[in-house]
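Here's a quick briefing to read alongside the model. Have the structure open and follow the residues as they come up.

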Amino acid sequence: FIIRLYGTFKDQQNLFMLLEYAIGGELFTYLRRAGRFPLGTTKFYSAEIVCALEYMHNLNIVYRDLKPENLLLDARGHIKIADFGFAKVIPDNKTWTLCGTPEYLAPEIILGRGHGRPVDWWALGILIYEMMAGFPPYYDETPFLIYEKILAGKLEFPPHFDSSLCDLLTGLLQPDPQRRLGCGANGAEDVKHHSWFSGVNWDLLSRKLIQAPFTPPVRHAGDTTNFEEYPEEDLDPSAMILHDLATGEDINYIFTDF
């Protein structure tokens, strides 16, 4: 459930990372189209993310940037976590860098008290809430106001959240990282064995033998229609030059100021 890095290389100006292509696009796009996900869809994606976090945490890697924009889908609709720009190996479970997306920051990051693996379980709680509700539990117009709400810790649930889901989110969104679900001696096993995940066959799920709730429309191996299109003027100049070279366009414009 993690994007594969096939290799890296560099020239005098750039570092290149050759990554697996997750052809299904961003989970963010599908969530915005749907408004919110049904229970079964949310549970499926959440369970795959739990497996990915468990794997990373066993390697002392804290991801620190869980959000719908960083969750891609493969051709069969399974999760692929991408963008490891904030990920960090933290053997002693303590680092102090302020980083992440405001709505998903755990209290200990905001307070600068040092953080580790527990911040990923907090972010999972925010993500599950957003997938089920269509909006995150702590939101406001500015990051500062968002931080105030996170630290206030007033957690309210929409009427369609059942008691099991509310209990799971209360555990994951526990302000004290020592008491947060997933942060005890059993780690991810405590999350897996929560009643909300009852019925999940973790062995079949980890081997991608459970059918995804949605299969992205894919026409061919190089299909890009599941991603948003961006105008070329927003691209990095070096990327534009490489594009023009690849398509046979005239590149004399790069010498106009020579």
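Is lysine 149 buried, partly exposed or exposed? At 36% relative accessibility, lysine 149 counts as partly exposed, where buried means under 20% relative accessible area, exposed means over 50% and partly exposed is in between, using a 1.4 Å probe and protein chains only. Keep in mind that this is a predicted model, so local features need pLDDT of at least 70 and side-chain atom pairs count only at pLDDT 80 or more, while totals for chains, interfaces and linings use all residues. Residues are numbered from 1 along each chain as its sequence is written, and side-chain values use heavy atoms, with hydrogens and water left out.

**Around lysine 149**

- Lysine 149 sits in helix H5 (residues 143–152); helices (H or I, at least four residues) and strands (E, at least two) are DSSP runs numbered from the N terminus.
- Setting aside neighbours within four places in sequence, lysine 149 is in contact (heavy atoms within 4.5 Å) with Tyr138, Tyr139, Asp140 and Lys154.
- With aspartate 140, lysine 149 makes a side-chain polar contact of 3.2 Å. A polar contact is a pair of N or O atoms within 3.5 Å; within protein, one must be able to donate a hydrogen and the other to accept it, and residues adjacent in sequence count only if both atoms are side-chain atoms.
- Proline 107 is 42 residues away from lysine 149 along the chain, and their C-alpha atoms are separated by 10.0 Å.

**Salt bridges**

- There are 10 salt bridges in the structure, each being a side-chain nitrogen of Lys or Arg within 4 Å of a carboxyl oxygen of Asp or Glu.
- Lysine 192 pairs with glutamate 54 in a salt bridge, with the closest N and O atoms 2.7 Å apart. Lysine 192 is in helix H7 (residues 188–192) and glutamate 54 in helix H2 (residues 39–58), so this pair ties together parts 138 residues apart in sequence.
- Lysine 192 counts as buried, at 12% relative accessibility.
- Aspartate 74 and lysine 208 form a salt bridge too (3.4 Å, N to O). Aspartate 74 is in the loop between strand E4 (71–73) and strand E5 (79–81), and lysine 208 is in the loop between helix H8 (202–206) and helix H9 (237–247), so the pair links parts 134 residues apart in sequence. Both residues are buried.
- Arginine 180 meets glutamate 108 in a salt bridge (2.8 Å, N to O). Since arginine 180 lies in the loop between H6 and H7 and glutamate 108 in helix H3 (residues 107–111), the pair ties together parts 72 residues apart in sequence.
- Arginine 180 is buried at 2% relative accessible area, and glutamate 108 is buried at 5%.
- Salt bridges with shared partners join Glu54, Glu189 and Lys192 into one network.

**Serine 164**

- Serine 164 is in helix H6 and is buried, with a relative accessible area of 18%.
- Leaving out residues up to four places away in sequence, serine 164 touches His194, Ser195 and Trp196.

**Helix H4 with helix H6**

- The contact between H4 and H6 involves Trp121, Trp122, Leu124, Gly125, Ile128, Tyr129 and Met132 of H4, and Leu165, Leu168, Leu169 and Leu172 of H6.
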